[in-house]
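Biologist: I am just starting out with protein models. Could you walk me through this one?

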Amino acid sequence: MSDGDRGRRPRLGAAGRLAFFPARVAARASRGPLEAAADEHLVPELSRLIDRAFAQSLPEDLVHSLIEHRVPERMAAELARTGALERLLDEALQSPRTNELVDRVVQSDEMRRAIRQLAESREVREAVANQTAGLVEELAAEVRRWARRLDTRVDRHHAISSPFAGLATRAIALIVDALLIVALFTLLSGVVALISSLVGTLRPAWLVGALLGAGWALVGGVYLVFFWTATGRTPGMHLLRVRVRDGSGARPSVGRSTLRAFATWISIVPFFAGYLPVLFDRRRRGLPDLVARTEVVYADGDG
């Protein structure tokens, strides 16, 4: 039989169709009972077979086979190659349903609870604290470098490697301490004002002014004496990595620190003129250091 004859569909005449008519009628007549029998016997049996297969190791074997033959990777690579994955993502992102779903998730109580728990976790607090401390330390290091360069420019009478703190470094440390003293004095003044409002307002006005001035000097003096005696440095000096010491290299005593604090106020009053000797003294000492026999040195290795 030739290819043309094999591919040609045979045509049945009227007699042929008449001959097949009983078979077609029988097929149509038996279709309903066959379907009913399939629903009654075949479908339940297939369900039992599938359930039995899933109860055994078929799911694990199927997953293992998929992983072994790298089916997910191949599917993902094919989707990426054809651009179908990108189109699916674009359609999903542009869908209004996606925006509604995102809003529902973000505004849900579960999401807010999860965010709150995450923010309150110890790991997050430690990370934020470390990041903040690192930023503050970097800023302080930059201020220290700038101040020491300025020390060298202002005071050209001393060597660059001089261990004694220069005028710029000491001035910045003093400014930081002055700000802290103001904050402390403001806090204490608020407490005193609250007590005064309960027991009555002080009179006359000049007495209030005198008490405020004396209180400011007292708070500042106690602040300086306490830190110089206890640690050899105030918070401002610690930030700039400098410390004060006596002639033996130790922290100044309470008496020496008190004398130095008194001389500090005297040096500040006439436009900080008491610190001009720092520019000319071999050990960069100002009037407070000359009076109390102390000196201020760089302390990079003290931490």
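Modeller: Here are some questions and answers about this predicted model.

Biologist: What is the mean pLDDT of the protein chain?

Modeller: pLDDT is the predictor's confidence in each residue, from 0 to 100. In this chain, 82% of the residues reach 70 or more. Over residues 1-10, though, the pLDDT is below 50, and this stretch has 1 contact in the model beyond near neighbours in sequence. The mean for the chain is 81.

Biologist: Are helix 4 and helix 5 roughly parallel or roughly perpendicular to each other?

Modeller: Helix 4 covers residues 71-82 and helix 5 covers residues 84-94, and their axes come within 4 Å. Those axes cross at roughly 80°. Angles of 65 to 115 degrees count as roughly perpendicular. The two helices are therefore roughly perpendicular.

Biologist: How many residues of the contact of helix 4 with helix 5 are nonpolar?

Modeller: Helix 4 brings Leu79, Ala80 and Thr82 to the contact, while helix 5 brings Ala84, Leu85 and Arg87. One group is polar with 1 residue, and another is charged, also with 1. The number of nonpolar residues is 4.

Biologist: Let us turn to charged pairs. How many salt bridges does the count come to?

Modeller: Side chains of opposite charge can pair when their charged atoms come close. The cut-off here is a side-chain nitrogen of Lys or Arg within 4 Å of a carboxyl oxygen of Asp or Glu. By this rule the count is 12.

Biologist: How far apart are the closest N and O atoms of Arg145 and Glu142?

Modeller: Both residues lie in helix 8 (residues 122-154), 3 residues apart, which is about one turn of the helix. Arg145 is partly exposed at 45% relative accessibility, and Glu142 is partly exposed at 39%. They form a salt bridge, and the closest N and O atoms are apart by 2.7 Å.

Biologist: Which residues are linked with Arg122 in a network of salt bridges?

Modeller: Here the salt bridges join into a network, with Arg122 as one of its members. The residues linked with Arg122 are Glu123 and Glu126.

Biologist: Where is Phe272, and what is its phi?

Modeller: Phe272 lies in the loop between helix 12 (254-268) and helix 13 (287-292). At 45% relative accessibility, Phe272 counts as partly exposed. Although Phe272 is not a glycine, its phi is positive, at about 60°.

Biologist: Is Arg284 buried or exposed?

Modeller: Arg284 is found in the loop between helix 12 and helix 13. Arg284 has a positive phi of about 55°, although it is not a glycine. Its relative accessibility is 3%, and the limit for buried is under 20%. So Arg284 counts as buried.

Notes. Residues are numbered from 1 along each chain as its sequence is written. Side-chain values use heavy atoms; hydrogens and water are left out. Axes are lines fitted to C-alpha atoms, for helices over the stretch in contact, and angles run from 0 to 180 degrees between N-to-C directions. Angles under 35 degrees count as roughly parallel, over 145 as roughly antiparallel, 65 to 115 as roughly perpendicular and the rest as oblique. Contact means heavy atoms within 4.5 Å. Ala, Val, Leu, Ile, Met, Phe, Trp, Tyr, Cys and Pro count as nonpolar, Asp, Glu, Lys and Arg as charged, and the others, Gly among them, as polar. Buried means under 20% relative accessible area, exposed over 50%, partly exposed in between (1.4 Å probe, protein chains only).
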